[in-house]
Amino acid sequence: MKLDKNFFSENIKTLFYALIIAVIIRSFFIQPFYIPSSSMEPTLLVGDRLFVTKYSYGYSKHSLPFSPPILSKRIFFNSPERGDVIVFKTPVDNRTDYIKRLIGLPGDRVQFIDANLYLNNSEIIKSKIKNKTKINCGNRTIDIYRFEEKLSNGKKFHTVYLKDYTYQNSDVFTVPKDHYFFLGDNRDCSKDSRFLSSVGYVHKDNLVGKAQFIFFSSDKKIGSIFAFWKWNKSIRFNRTFDRIN
C-alpha cells in the first residue's frame, strides 16, 4: 500500500494540535494531581488521584506548566473560601506542589493553645468521632483521635490528632496581606503554614487551584494498578468520584 506523501506531516500536525489543546485544558480549566503523602488524611489518602480546577481563583504564572514569568500578578482573581482544599506552590522554591486546607485569610490570627485551634481568638469547635483510631503518617501507623471541625463560615470537615497531641502550643500567626495560612487535616503529620522555614504564609499568586473530586484511588501497599488480579483489594472503588469536602 502506497502511503500519501502527506501522511506523516498530517499526523505530526494532529499530535501538535492535541498537545496544544491538552496544555490549554491543563493550564486554564482542570488538572489531575496525585496524592503522595498522608498529610491530608482522612480527607485525602495516599494513592488518590484528583482533579483541580485552575479557574477557581483566577490565573497566575503558576497556572502554566513550569511557571513561566508571563504574568507578573494574578488576573481574574476570585478570593478562596475558608476551608477550601487547595493546591499551591510552596513559597520556599515556587516549584513544589502542596495540597492543604485553607484556614487563615489575610489579617487573621491563628494559634494553637493546649492542642486546640484558635482563629481570631475564638476556638474552632471540634467534636470527637468514635471510629478509626489509627492512621498513616509516612511509613508509620499512628494512634489518633478523629474529630469533626467546624469553621466560622459553617464549613465542616474531619481532622485527626495524635493521642499525645505533639503540637500543643504555638505563637500567634498573623496572616499578612495577600497571603493565606494552610493546615493539613492530619494535624500532627503535616508540614504546613505553621512551619515558616518550609512553607509559611502562601501568597495569592502561588495558588494553583481548588481540589474538587477524586477520579481514581488505589492502595499501592496492596499492589500496583498493573496487578489486575489484586484490583478488588487495591482499587478503592468507594472513593471514585467522591467530592472533596
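A residue is called buried when its relative accessible area is under 20%, exposed when that area is over 50%, and partly exposed in between, with a 1.4 Å probe and protein chains only. By this definition Asn-120, at 33% relative accessibility, counts as partly exposed, and Asn-120 sits in the loop between strand S6 (116-119) and strand S7 (122-123). The model is predicted, so local features need pLDDT of at least 70 and side-chain atom pairs count only at pLDDT 80 or more, while totals for chains, interfaces and linings use all residues. Residues are numbered from 1 along each chain as its sequence is written, and side-chain values use heavy atoms, with hydrogens and water left out.

Taken as a whole, the chain holds two helices and 15 strands, where helices (H or I, at least four residues) and strands (E, at least two) are DSSP runs numbered from the N terminus. The C-alpha trace spans about 80 × 50 × 30 Å along its principal axes, and of the 245 residues in the chain, 43% are buried.

Helix H1 covers residues 7-28 and contains Ile-21, which is partly exposed because its relative accessibility is 49%. Ile-21 also belongs to a nonpolar surface patch of about 880 Å², whose other members include Phe-16, Ile-25 and Tyr-55. Such a patch joins nonpolar side chains (Val, Leu, Ile, Met, Phe, Trp, Tyr) within 5 Å, in residues with over 30% relative accessible area and no salt bridge, a salt bridge being a side-chain nitrogen of Lys or Arg within 4 Å of a carboxyl oxygen of Asp or Glu.

Most residues other than glycine have a negative phi, and most peptide bonds are trans. Against that background, the peptide bond from Glu-41 to Pro-42 is cis, with omega near 5 degrees, and Pro-42 lies in the loop between strand S1 (30-34) and strand S2 (48-53). Asn-120 has a positive phi, near 55 degrees, and Asn-94, likewise not a glycine, has a positive phi near 55 degrees. Asn-94 is found in the loop between strand S3 (85-89) and strand S4 (97-104), and Asn-94 counts as partly exposed because its relative accessible area is 34%.

Further along, Lys-150 belongs to strand S10 (residues 140-150) and is partly exposed because its relative accessibility is 44%. Lys-150 and Ile-125 are 25 residues apart in sequence, yet their C-alpha atoms are 5.9 Å apart in space.

Technical notes: Patches are made of residues with over 30% relative accessible area and no salt bridge: like charges are joined within 9 Å, nonpolar side chains (Val, Leu, Ile, Met, Phe, Trp, Tyr) within 5 Å. Accessible areas come from the Shrake-Rupley method with a 1.4 Å probe; for residues, only the protein chains shown count as cover.
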